[in-house]
Structure formats: C-alpha cells, structure tokens
Amino acid sequence: MVMFLMVLCMSVFGLAVCGLAFGAATRGLPTGEETPLTAAVDERLAAVPERFFVRDAAPLPAPAARVVPKVPIEVFLAQIERHIRLEQAAAESFLSAPSPESLHGRTVSPLVH
Amino acid sequence: MSIEQADMLLGLSAADAARVGALGSRMHVPTGAALFELGSEAHDVFIIERGRVALTLPMVFGDRQEHILVEERTAGQLVGWSGLIPPHRFTLKAAAQIDTEVLALPRGPLLAFFEANPAVGYVVLRNLASVVGQRLQVTQAMWLREMQRFVESRSS
C-alpha cells in the first residue's frame with residue numbers, strides 16, 4: 001500500500017513538472033486565432049500557379065541585364081583586326097572553291113563564339 | 001620586284017610596263033604615315049614597290065574614332081584605284097604599316113597614254129577590273145557570312 005501511494009505521488013509530481021515545463025515553453029507564441037493564415041503566405045509564391053510535384057520555392061528574381069566585360073579598347077581593336085583577317089581568309093577560300101559549305105565555314109574568331 | 005610584275009601591269013611586255021612606270025613618281029611613306037585619306041580627291045593610283053599598306057575605315061567606340069583594318073596590300077599590288085574610277089574620291093584611308101615605297105601614277109598622263117596606246121590601256125584596265133572584282137567578291141562573301149550569323153542569332 002505504501003509502495004502504491006509512493007508511486008502515485010511521484011507520478012502526480014512528475015505530471016505537474018511536465019505541465020509546468022510545457023506551459024513555460026509555449027508561453028508567448030502566437031496562436032492561430034491571433035494571426036490569419038493568409039498573411040503568412042509569401043506574395044511571390046501566390047503568384048506562382050499551383051502544380052503537382054513542384055517544389056514550393058519562391059520564384060527567382062529576373063536576371064539582371066547581361067554584363068559585357070569591359071575590355072581595353074586596344075585589346076578589342078586587336079580582336080576586330082584578327083576577326084577581319086580571318087573573315088577575309090574565309091571569303092578568299094570560298095572564292096577559290098565556291099560552295100555553300102566553304103561560304104559558311106567556321107573560323108576561330110573570338111568575336112563569333 | 002620588277003615593274004611588269006605589278007598586278008596592274010600583268011600581261012604587258014617589259015617595255016610597255018616600263019613606259020607606264022615612267023609616267024609615275026616614287027614616293028616614300030614612312031611607318032604610320034597616311035598615303036591618302038578617306039574622302040579626299042583621288043588624282044593618282046599607286047603601285048606598292050616595297051612595304052605594306054593598310055586600308056582602313058573609321059569605327060566609333062564611345063567617344064573615340066578608330067581606324068579599322070579592311071585590307072592589307074603588299075609589294076606589287078595596287079591601291080587607290082579610285083584615281084581611275086569616277087567620282088575620283090578615296091573610299092578608304094591608306095597608311096603605311098611599315099616603311100613603304102610606292103609608285104604614284106597620275107590619272108591625266110595615264111589616261112592620255114592609254115588613248116595613245118589602246119592595247120596597253122585594255123590590258124591595264126582589265127587588270128584593274130580584276131582587282132575591283134576580287135574585292136567585290138570578297139566583300140560579298142564577308143557580308144553574307146555576317147548575315148548568316150545574324151540569322152542564326154535571331155533563330156536561336
């Protein structure tokens with residue numbers, strides 16, 4: 001009997017401690033009634049049409065305009081000069097053996113790749 | 001290089017080529033100096049005897065204007081055929097890339113010589129037509145290559 005009462009007391013005490021701990025942990029958190037669910041939804045996500053099997057990630061921002069690396073003008077001029085020499089060589093090659101293939105043969109010019 | 005090897009005088013006898021050459025005067029064009037400017041009046045045609053000449057057109061880069069190489073001419077080749085073709089204005093700029101010697105042939109005496117010697121004039125003008133035609137064909141091919149790239153860039 002004593003043993004039973006002791007176990008009962010300890011169980012009630014443990015239950016009380018768990019209750020206090022739970023109360024302390026959940027104090028101050030917003031409840032569902034306080035914050036409407038729609039306010040928590042990302043507006044960008046709302047704009048995305050719902051689809052199955054698509055990860056619910058926010059859409060990426062639009063890519064910025066392509067940044068053209070600034071090359072010193074002398075380097076750029078040298079590239080243009082090389083391009084023209086290669087194009088002339090290709091054109092002369094076409095004239096020596098005219099065919100659609102030789103007209104549109106590729107060159108190694110960096111300006112066209 | 002002997003005068004009869006010049007592309008403008010190919011097919012002439014050495015004597016006739018020498019007679020045409022005697023109409024001209026030799027000019028020294030130091031490295032970087034202009035032989036003629038775009039838009040200037042063309043009174044002469046030039047045969048390059050030694051060196052190398054760059055033919056350029058202007059391109060604008062921001063607030064800068066640069067001369068872009070269009071063609072190069074070396075010993076034996078002709079530059080400045082606008083001197084013989086109306087409206088006698090140069091459509092390119094020519095400048096020496098290295099120390100260069102040219103033979104400048106003035107239009108007036110040259111045409112007078114051709115009238116007096118039509119067989120020589122026929123050969124020279126046929127050679128001139130060949131030079132002009134070759135440049136036209138090269139330019140056509142280059143232009144079409146650019147157009148092809150433009151079409152490909154639009155369709156991709």
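Where in chain B does Pro87(B) lie?

1. First, the ground rules. This is a predicted model, so local features need pLDDT of at least 70 and side-chain atom pairs count only at pLDDT 80 or more, while totals for chains, interfaces and linings use all residues. Residues are numbered from 1 along each chain as its sequence is written, and chains are lettered from A and ligands numbered from 1 in the order in which they are written.

2. Start with chain A, which has four helices and zero strands. Helices (H or I, at least four residues) and strands (E, at least two) are DSSP runs, numbered from the N terminus. Along the sequence you'll read the pattern α-α-α-α. Of its 113 residues, 4% count as buried. Here "buried" means 20 or more other C-beta atoms within 10 Å of the residue's own, "exposed" means 12 or fewer, and "partly exposed" is in between, with C-beta atoms placed from the backbone.

3. Now look at the sheet in chain B. It is an open one of four strands, in the order E1-E8-E3-E6, with antiparallel pairing. Strand E1 (25-29) and strand E6 (78-79) of chain B are at the edges with a single partner strand each, so one side of each has no neighbour in the sheet. Two strands pair if DSSP finds at least two bridges between them; strand E3 (residues 44-50) of chain B and E6(B) are joined by two bridges. Across that pair, Phe46(B) stands opposite Val79(B).

4. Back to the opening question: Pro87(B) lies in the loop between E6 and strand E7 (93-96) of chain B. The peptide bond from Pro86(B) to Pro87(B) is cis, with omega near 10°. His88(B) is in the loop between E6 and E7 of chain B too. His88(B) has a positive phi of about 60°, although it isn't a glycine. With 13 other C-beta atoms within 10 Å, His88(B) is partly exposed.

5. Finally, see where the chains meet: 15 residues from chain A and 14 residues from chain B take part in the contact. Two residues are in contact if their C-beta atoms, placed from the backbone, lie within 7 Å. On chain A's side, helix H3 (residues 73-96) gives the most, with 12 residues.

6. Ala141(B) counts as buried because it has 22 C-beta neighbours inside 10 Å. Leaving out residues up to four places away in sequence, Ala141(B) touches Ala91(A), Phe94(A), Leu95(A) and Leu103(A).
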